[in-house]
Amino acid sequence: MQKPTDDRALARLRIFTTQTELKLAGHPVIGTWFLLAELGVVPAQEGGVHILQQDWSGRASRRNPFQGWPATTGNMTQKEALFKPLKVRRRRWPKHSAIVEGSRSTMEPTCVSTGIFNLMVPLRNRAALEKIDMNASELRRLIGKNATMAYCFALSGNSKAFTRGMMPWEPFEDAATGSAAGSLGAFLVNNGKLGAGHTLHIQQGVEMGRPSQIEVEVTLSGKN
């Protein structure tokens, strides 16, 4: 947390893993603003509170509204989705990573960004999700500089998904990944699996014993 250089922002947030600085992360952002709200940095008021923060680049961006006061829920607005196919021949998919031939969905794995690129990995069912045996070195070679993590998911109906966020560095799995959840919502809308404006309910971290619930809503403007 730093003092902002942009007068419009309440604070500048920078987020680091053990490997690098991230352009965007969901839960560190919301968690930090909850703390700043408790410390009085966020002005207390009834109803929704919208916050403008300064990001890694120094720009003021992303409004993070809290509902009610004291704040009990919060959400973040992410950027317009970008899609980047992962150009890897099928025979080169890792045998022991999150991506297993036979467990894959008919949807093609795709790198998607709503602020930071993550690899969306559709699996056929939740059983395949539970059987993931992640190989960090193979996953690192697969995603390279194209994505931060492999966000593996299995759909349950039209508006629910079970997910696992696999990373090629310790702790190797994330219990809740807001940035990837936003990308998943955009990916599903783009593939006709979720209606724009509908809420996607995500359960992540179940296999870790750290269950989280995330809600995503995607707005569509033309083809964007």
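Helices (H or I, at least four residues) and strands (E, at least two) are DSSP runs, numbered from the N terminus. The model is predicted: local features need pLDDT of at least 70 and side-chain atom pairs pLDDT 80 or more, while totals for chains, interfaces and linings use all residues. Residues are numbered from 1 along each chain as its sequence is written, and side-chain values use heavy atoms, without hydrogens and water.

**View 1. A nonpolar surface patch that includes Val41.** Met1, Leu10, Leu35, Leu39 and Val41 make a patch of about 460 Å². Patches of this kind join nonpolar side chains (Val, Leu, Ile, Met, Phe, Trp, Tyr) within 5 Å, from residues with over 30% relative accessible area and no salt bridge; areas come from the Shrake-Rupley method with a 1.4 Å probe, and for residues only the protein chains shown count as cover. Val41 lies in the loop between helix 1 (26-38) and strand 3 (52-54).

**View 2. The salt bridge of Glu130 and Arg126.** A salt bridge places a side-chain nitrogen of Lys or Arg within 4 Å of a carboxyl oxygen of Asp or Glu. The N to O distance here is 3.8 Å. Glu130 and Arg126 are about one helical turn apart, because four residues separate them in helix 2 (residues 126-130).

**View 3. A salt-bridge network of Arg164, Glu173 and Glu207.** Arg164 and Glu173 meet at 2.8 Å, N to O. Both Arg164 and Glu173 are buried.

Definitions and conventions
Patches are made of residues with over 30% relative accessible area and no salt bridge: like charges are joined within 9 Å, nonpolar side chains (Val, Leu, Ile, Met, Phe, Trp, Tyr) within 5 Å. Buried means under 20% relative accessible area, exposed over 50%, partly exposed in between (1.4 Å probe, protein chains only).
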